[in-house]
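Me: Hi! I'm new to this one, so please walk me through it.

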Amino acid sequence: MSTQPEIHTQVTPEELAHTFDEAPADVDLKIYAIEDWVTLALFWAMTACVFLQFFTRYVLNDSYAWTEEIAVNCLIGVVFLGSVACVRMSRHIQVDVLYHYLPAHVTRIMATVVDLIRIGFFAYGSWLMWRYMEIVADEEMVTVQLPRNIVFYTVLAAFVLMFLRSIQVFVANMRRGYSVLERPEEFQHAEV
């Protein structure tokens, strides 16, 4: 096993400094929906709770008990509302190996079936969450005098939004004539 020596080109500090002179990329905030901003706010609330928990536990040696429960509930909201963005942008994990080997008319049918199953799954998840909320309607959080319905309504809203976004993606796929499963390269930088 022979190894080639690495060749390093000398760079002056001025040349290195000029590599940072590139103009920053334009930021387009229009691609984000309201659920993205709510998710971001929940993420920062969770981060603040975790920091407060760390600070009170390790610096003050007197931990606030409520910070962990609030952080966990914020995490639940971040996960489910973040999933809405994944549905909207078709970014959930998907297996597309068969789409590369089968004829286009077969993959079109398969992609349509996947879209319909996704719509059905989120409709069923919304209904189940509604039923679950009827069962645990009067529960309160353990450490804070707040109703747990806050968390449950967030999850229900996320399921309903995923259902609506999956319908939106289905309509867009039907109009376009293909989905991300059939032509993933078309979705590398595009928004749905």
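Reply: Phe-54 and Tyr-58 are four residues apart in helix H2 (residues 34–59), so about one helical turn separates them. A helix here is a DSSP run of H or I with at least four residues, numbered from the N terminus.

Me: Before going on, what kind of model is this?

Reply: This is a predicted model: local features need pLDDT of at least 70 and side-chain atom pairs 80 or more, while totals for chains, interfaces and linings use all residues. Residues are numbered from 1 along each chain as its sequence is written, and side-chain values use heavy atoms, leaving out hydrogens and water.

Me: Thanks! How many aromatic pairs turn up in the whole structure?

Reply: Searching the whole structure gives nine aromatic pairs. One of them joins Phe-43 and Trp-44, with ring centres 5.5 Å apart and planes at 80 degrees, so this pair is edge-to-face. To pair, ring centres lie within 6.5 Å; planes under 30 degrees apart are stacked, over 60 edge-to-face, the rest tilted.

Me: Why does Trp-44 count as exposed?

Reply: Trp-44 counts as exposed because its relative accessibility is 53%; the cut-offs are under 20% for buried, over 50% for exposed, and partly exposed in between (1.4 Å probe, protein chains only).

Me: Changing topic: how many residues does H5 have?

Reply: Helix H5 (149–176) has 28 residues, and from its first C-alpha to its last it reaches 39 Å. That is close to the 40 Å expected at 1.5 Å a residue, taking one less than the number of residues.

Me: What follows H5?

Reply: Gly-177 follows H5, and the phi of Gly-177 is positive, near 95 degrees.

Me: Which residue has its charged end over the ring of Tyr-178?

Reply: Arg-183 does, with its charged end 4.1 Å from the centre of the Tyr-178 ring. Arg-176 also lies over the face of Tyr-178, at 5.7 Å from the ring centre. The test is NZ of Lys or CZ of Arg within 6 Å of the ring centre and within 35 degrees of the ring normal.

Note on methods:
Helix = DSSP H or I, 4+ residues; strand = E, 2+ residues; numbered from the N terminus. Phe/Tyr/Trp six-rings, centres within 6.5 Å; stacked < 30°, edge-to-face > 60°.
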